[in-house]
Amino acid sequence: MNFLGAVGRTARNALRTAEGSEDDKLVAQLLARVADKEQVEDRKEALTQLCETVSRSEQAQLALGSSGFLQLCAIVQYEQADTEMVQGSLEALVLSMARRPRTKGQNPAAINAELFARAHGNVQLVMGLLKAGQQMQNPHIRLHAVRLLAAIAGTGTPRLSEAILTSPQGVATLMDLLNDTEAIRNEALLLMTALATTSSEIQKNAASEGAFQRLFGIVRDEGGADGGIVVQDCMQLLNNLLQDHQGNQLLFREMGYLQSLPAFLKLQGTHAISKQTAANLSCGMLTLHWLIADKKVTSMDTNDLFVAPLLQAGCFEALQMLALPFGGGSPARLRAQALGCLADLVKMSTAAHEKLMSAKVVASRSGAQTMLLHAVLRAALYSDDKDEQHAALALLTAFCQKHAEGQEALAATLLPTTSNPQPGAPRTFGEELMLAWSGRSTTLQVVGRAASISTILLRSSAASKQRFLNLTFQNQVQPDQGSSQAPSVLLMQLCITWLAQTVNAQLAGVRAAPEAPFQLLHMLITWLLDCPPAAMLLASMQGAMSTLTTMARIRVQGKSDLLGEMIAVCLGQCMVATSSQAAPSGGSEMIDLLAEKVGIASYLELVSNLTQRCARSSAISAESPKKEDSSQQASVGEMFMASTGPEFQAAVGRICQQVQEVIIAAFQEPRPNLSVQDMDETGLRQQFTALERQLQQLQRRSHALLLEATSKANIPAAALADSSSQSQHARNHSSDTTQLPVSSKPQADAFRELMQQTAGISNSSRLLSQSIPCLMMLKPPQVGPAPRPDHHGMLSSMPDARVPQLEARAASMERRTAVAEAENSSLQQQLQSLQAQHLALQQRSVSEQTQLKDQLHRSEEKARQAQTSAQQSQTELQALSNAYSDLEAHAFSLEGQLKGTDRSQDRSVEEHIAAAVASMEQEAEETQNDLMVCIGEEQQKVERLSERLQHMGVDVDKLLCEVGDE
Amino acid sequence: MSYAYLFKYIIIGDTGVGKSCLLLQFTDKRFQPVHDLTIGVEFGARMINIDGKQIKLQIWDTAGQESFRSITRSYYRGAAGALLVYDITRRETFNHLASWLEDARQHANPNMTIMLIGNKSDLNHRRAVSTEEGEQFAKEHGLVFLETSAKTAHNVEEAFINTARKIYEKIDQGIFDVSNESFGIKVGYGAGGGNAQTVRPGEAPAAKSSSCC
Ligand SMILES: Nc1nc2c(ncn2[C@@H]2O[C@H](COP(=O)(O)OP(=O)(O)OP(=O)(O)O)[C@@H](O)[C@H]2O)c(=O)[nH]1
Ligand SMILES: [Mg+2]
C-alpha cells in the first residue's frame with residue numbers, strides 16, 4: 001500500500017488529459033536518461049530538458065513531484081562533486097514548486113511542496129548546503145538551495161517550519177544568510193518573511209538570532225526609506241516578526257529599536273515621494289501599528305512601554321509630515337495610513353493628544369501655518385480619497401472621545417457667523433466647519449461630512465449642545481433661496497432644510513451623497529439626546545415637525561427603512577421633551593399630529609424596528625468588530641448604523657422606551673381640553689363623557705395590546721435571526737414556542753371584542769353628531785340646567801355657546817374613533833403576522849429536532865465506521881510490518897547481488913529502501929492517528945448534539961440506546 | 001537606556017526546577033507559585049551595573065520539557081552565559097545535569113560561562129541533594145555554583161550578576177572577540193573608556209553618522 005503517492009496520484013488523475021499523459025511519459029523518459037550514469041553528457045542534456053518541460057507544463061510539474069524527487073535528492077546528496085548536476089537538480093526542484101496562475105482548484109506547487117517537505121531528510125539535505133561550514137560551496141548552489149526553500153515556504157506548508165525548527169541551528173543558519181551575498185540575502189529575506197507567518201517559534205527564534213539588528217543594518221545600508229525594494233522586504237519581514245507577537249515586541253523595545261522607527265519614517269526633504277518609498281514607508285507604519293494598537297493581549301502597559309518612547313523619538317512629527325498633502329507630497333493612501341497611526345497614538349496617550357492639540361503645520365503652498373487639527377478637518381470634509389476621509393474623521397473622533405477638554409476646545413472655535421465675514425480662506429477650525437455647513441460652494445456630500453464632524457463635537461457634551469443652539473448663519477446663501485439677503489438662520493433650521501434636501505435628492509434617485517441624510521439624523525439625535533432645550537427648539541420650529549412627519553411617512557408607505565426609523569426617533573425625542581415640559585398640551589399635540597400623519601401604530605412600529613436594528617448591529621459589531629467590507633449586501637443605512645457605535649445604539653434604545661412610555665401615559669390621563677366643566681348637569685354631557693371614557697379606555701387597551709404584541713414579536717424574531725448556533729439560543733427558542741400560543745389566543749379574542757366595541761362606539765358617535773342639529777332646535781331650559789334667577793344674563797347665551805362646543809366635540813370624537821378603527825385593523829394585521837411567525841417558529845423547531853436526531857444518527861454511524869477503519873488500519877499496519885521484514889530480506893539479497901558495483905550506488909539503493917520503508921511506516925502511523933482524531937471528533941459531536949437535544953427535552957440516553965440497537 | 005554591553009543568557013534545566021520563576025524574580029521581583037509550563041522559550045531583559053558600567057541582560061528562558069528540546073537548542077548559540085538549574089528537592093533533576101552540560105557543550109560556544117544553580121533552597125526540609133554535592137559537581141566541570149530560592153529571592157540577584165561579572169572579566173582578559181556576535185556579547189558606546197558617551201541603542205555602534213537607517 002503506497003500512501004506516499006496518494007496525494008500526487010489523485011491530483012494527476014484529475015488533470016489527466018491526452019497531452020497530460022504525454023508529459024507524464026516525457027518526464028519518465030527524461031528521468032530515466034538522467035539516471036543513466038554511463039551517458040555523462042546526455043544526463044546533463046536530459047536534466048536541462050526536464051527543467052524546460054516542468055516549467056512549461058503543469059502536468060509535468062505534477063509528474064516530477066510524484067516520481068522524481070528521490071532521484072533528484074540523491075544527486076544532490078551523492079554527486080556533490082559534479083556541481084552542474086547538483087545545480088540542475090536543484091533547479092528542477094525549484095521549478096516543480098513554482099506557483100502558477102491557476103484557474104482550477106489544483107495547485108501543483110502546494111502538492112509538490114507538501115510531498116517534498118514531509119520527507120524529513122529532504123529539508124535537512126537542502127539546509128546542509130547552506131550551513132556555515134559550506135561557505136566555500138559554489139554560490140550558485142547555495143542560491144538555488146535558498147530559492148528552493150523559499151518556493152516551498154511560499155506555498156504556506158507548515159511542514160517546512162517544523163523541519164527547520166527541528167534541525168539544529170536551523171533558523172540560525174537561515175539568519176546567517178542575511179549576511180551573505182546580495183542575491184542570497186535577498187532570497188533569504190523572502191524565505192524568512194514567508195516562514196515567519198507560519199510559526200510563532202520561527203518568529204521568536206529569528207528575533208533571538210538578532211533579526212532586528214540585521215534588518216535595520218540592511219535598511220541603513222540600502223538608503224533607509226528612500227531605498228529600493230530590498231528595504232520593503234526588510235520592513236515586511238520586520239512586520240511579520242512583530243505582528244501578534246508580544247514577546248518579540250518586548251524584545252524589540254528592550255533592545256532599543258523603537259527609536260529606529262520614527263527615524264525611518266521621517267521624510268527627508270520635501271521632494272515628491274516615489275512609489276517605492278511610499279511602499280517602504282507604508283510597511284514602516286504598519287510596524288508602528290502592530291506596536292501601538294491592535295494588541296490581542298493587553299496585559300502590557302502599551303503606553304508606557306511603547307507609545308511614550310516612540311513619541312520621544314519624534315514619531316508624532318514624522319507621522320504628521322506623512323499625513324499632510326503639503327510638505328511631503330505623500331500619496332492619499334499613505335496619508336490615510338499616517339492619519340490612522342496618529343489616531344492610534346492619540347487613543348493611547350495623553351501626550352500625543354496634547355501634541356495634536358497644539359501642533360501647527362505648513363498646510364498651503366504659500367507656506368502659511370495652520371493648526372494641524374484644522375488641516376485634518378479639511379481632509380475630513382473635502383478629501384476625494386475615501387480612506388483618507390475616513391481616517392481623518394477617525395482621528396477627530398479619537399481626539400474628542402477620550403479627552404473632553406479637547407472636544408470643548410474644538411467646539412469653542414465655532415462662533416455665529418457675522419454679517420460681514422472675513423474675506424479669504426477660513427482661519428480656524430470653527431470657521432472651516434461653519435463654511436462647510438453653509439458656504440456658497442458646499443455640496444450635500446460636504447454637508448453630510450460636516451454633520452458627522454458636528455456629531456463628534458456634540459457627543460456627550462452638554463456645553464457643545466448648548467453652544468450649537470446659538471449658532472447662526474448670516475448672509476450666507478441658503479440652500480433653497482439664492483438671495484444673499486437671507487435673514488440669519490439657526491443651525492437647527494439649516495439641518496432640517498438640508499435633511500429635506502437630501503431626502504428629496506434620494507427620492508429623485510440622485511446617488512451623490514447616499515450617507516448624508518443618515519449623517520444629518522445621527523447628528524440631530526445626538527444633539528437632542530439629554531438636551532431638552534434642543535428638542536424643544538426643534539419641536540417649536542416652524543414647519544419642522546410637519547417636514548419630519550411627512551418624511552417619516554414617505555418612507556412608511558414604501559418599505560420601512562432606517563431613514564424613517566431615525567426620523568421617528570428624532571420626533572420621539574421632541575415628544576418626550578415637550579410632554580415633560582410645563583406646557584401641558586405639547587406632548588398630546590404631537591401625538592395627535594403623529595396619529596394624523598403617520599398613525600400611532602405605524603409610528604410605534606418604526607420606533608421598535610430601530611430598537612431591534614440597534615440590538616442586532618451591536619451584536620454584530622461585538623462578534624466581528626472590523627468586518628465592514630465583508631457585508632457586501634449591506635445597504636448604506638446598515639453600514640452607517642454599524643459605524644455609529646454601541647453608545648449611540650444604546651441611547652436609541654433608551655429613547656424608544658421613553659417614547660413608548662409617553663404614548664401610553666398620554667392615553668391614560670384624561671385630556672384636560674376635552675372636559676367641559678359647565679355642562680355637568682345635563683344628560684347630554686353624561687352621554688358624551690361616557691362615550692369619551694369608553695373611547696379612551698378602548699384606545700388605552702388597544703395600545704397596551706399593541707405594545708405587548710410588538711414586544712412579544714421581537715423576541716421570536718430575534719431568536720429566528722440568530723438561532724443558527726448555541727444551545728443557549730435553543731433554550732430561548734423552545735420556551736418561546738411554548739409560551740406564545742397561550743398568550744396570543746386571548747389577544748385575538750381581545751382584538752375581536754375591541755373591533756366590535758369600536759364599531760359600536762363609532763355608530764353611537766355618528767348618531768350623536770346627527771342629533772346635534774336637532775339639539776340646536778331645542779329650547780335652552782330643556783337642554784341645560786334649570787334656570788336660576790341670579791344667572792339671568794347667562795340664560796339665553798348658554799345653549800348657543802354649547803352647541804358649537806358640542807359640535808366640535810362630536811367631530812373630534814368622530815375623528816378619533818376613525819383613528820381608533822384604523823389602528824385596530826392594523827393591530828389585527830400585526831396579530832396575524834405574529835401568528836404566522838409563531839407558526840413558522842414551531843415548524844422550525846420541529847424540523848430542527850428531527851434534523852438533530854438525523855445528525856446524531858449520522859455521527860453515530862460515522863463513529864462506528866471510524867472504529868472499523870481503525871481496526872482495518874491496524875491490520876494494515878501488521879501487514880506492513882510483515883512487508884517490511886520481506887523487504888529487509890529482499891534488501892539483503894539485493895545487497896548480495898550488487899556487490900562489486902559502484903559503492904555509492906550501492907549505498908543509495910540501501911538508502912532508498914530504508915527511506916521507502918520508513919515513509920511507509922510513518923504514513924501508516926499517521927493514518928491511524930488521523931483515524932483516532934476522527935473518532936475523537938465524532939464523539940465530541942455526539943456529546944454536543946446530546947447536549948442540545950437535552951435542552952430540547954429529548955431523552956438522549958434512550959435515543960442513544962435506540963441508535964445503538966439499530 | 002544606553003548600555004555599555006549587552007549579554008545574552010540562556011536558562012536551562014529540567015522542567016519544574018524553577019527556571020521561569022528565577023527569571024520572573026530577577027526581572028519583576030515577583031514569585032509565581034503556580035507552575036506555568038514554558039512553551040518553547042520566553043524572553044526577559046534587565047539592566048544591571050557592574051563597576052559603574054551599564055550592562056543589559058537579554059535572557060532566554062527555555063522549556064525544560066523533553067519535547068521542546070529541539071526548539072530550545074537553537075537558543076544556545078550566541079549565548080554568553082547560561083544558568084544551569086536543578087531542584088534541590090528532586091534528585092533526578094540533579095542526575096540529569098550531565099546530559100544538559102553535554103547539550104550545552106555541543107551547541108553553545110566553548111567560552112560560555114555556566115552558572116550551576118541549586119534552586120528551591122527555601123525547601124531545606126525536603127532537600128534531596130546536599131550543598132556539597134552541588135559544589136563538587138561544579139568543581140568537576142568548571143562551573144560556578146550557587147543555591148537560590150526564586151520564592152524568597154535568596155541569591156537570585158547574585159546568580160545573574162555574578163555570571164555577568166565572570167563574563168565581564170573574560171572580556172577584560174581578552175578571551176572574547178567582542179566584535180564577533182556569536183559570543184553573545186554586543187558592545188554599546190560606553191564600553192571603551194570611562195567617558196560617559198552614550199549609545200543610541202538600536203544602531204550598530206560603528207555607525208557614527210546621524211542618519212540612522
Ligand atoms: N518553594 C519554591 N518553589 C519554587 C521555587 N522556584 C520555583 N518554584 C515552584 O516550582 C514550580 C515550577 O516553576 P517554574 O519556574 O515554572 O519551572 P520551570 O523550570 O520554568 O519549568 P518549565 O517551564 O517546564 O521548564 C512552580 O510551581 C513554582 O512555584 C523556589 O525557589 N521555591
Ligand atoms: Mg518555565
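**Figure 1. Helix 1 of chain B and the shell around ligand 1.** In this predicted model, helix 1 of chain B supplies three residues of that shell, the largest share. The shell counts 26 residues, and those that come nearest are Thr15(B), Lys19(B), Thr38(B), Gly64(B) and Ala150(B). By class, 11 residues are polar, nine are nonpolar and six are charged.

**Figure 2. Polar atoms of chain B beside oxygen atoms of ligand 1.** Thr38(B) places a polar side-chain atom 2.7 Å from a ligand oxygen. Alone, ligand 1 would expose 650 Å². The protein buries 92% of that area.

**Figure 3. The magnesium ion, ligand 2, with Ser20(B) and Thr38(B).** Which of them is buried and which partly exposed? Thr38(B) is buried because its relative accessible area is 11%, under the 20% cut-off. Ser20(B), at 28%, counts as partly exposed.

**Figure 4. Chain A, a chain of 44 helices and four strands.** Chain A has 966 residues, and 48% of them are buried. Take its contacts between residues at least 6 apart in sequence: 73% join residues at least 24 apart. The chain exposes about 45500 Å². Carbon and sulfur atoms supply 53% of that surface.

Conventions:
Residues are numbered from 1 along each chain as its sequence is written. Chains are lettered from A and ligands numbered from 1 in the order in which they are written. This is a predicted model: local features need pLDDT of at least 70, side-chain atom pairs count only at pLDDT 80 or more; totals for chains, interfaces and linings use all residues. Side-chain values use heavy atoms; hydrogens and water are left out. Donors are N, O and S atoms within 2.8 Å of the metal (3.2 Å for Na, K and Ca); water is not among the atoms, so sites may look incomplete. Buried means under 20% relative accessible area, exposed over 50%, partly exposed in between (1.4 Å probe, protein chains only). Helices (H or I, at least four residues) and strands (E, at least two) are DSSP runs, numbered from the N terminus. Contact means heavy atoms within 4.5 Å. Accessible areas come from the Shrake-Rupley method with a 1.4 Å probe; for residues, only the protein chains shown count as cover. A residue is near a molecule or strand if one of its heavy atoms lies within 4 Å of it. A polar contact is a pair of N or O atoms within 3.5 Å; within protein, one must be able to donate a hydrogen and the other to accept it, and residues adjacent in sequence count only if both atoms are side-chain atoms. Ala, Val, Leu, Ile, Met, Phe, Trp, Tyr, Cys and Pro count as nonpolar, Asp, Glu, Lys and Arg as charged, and the others, Gly among them, as polar.
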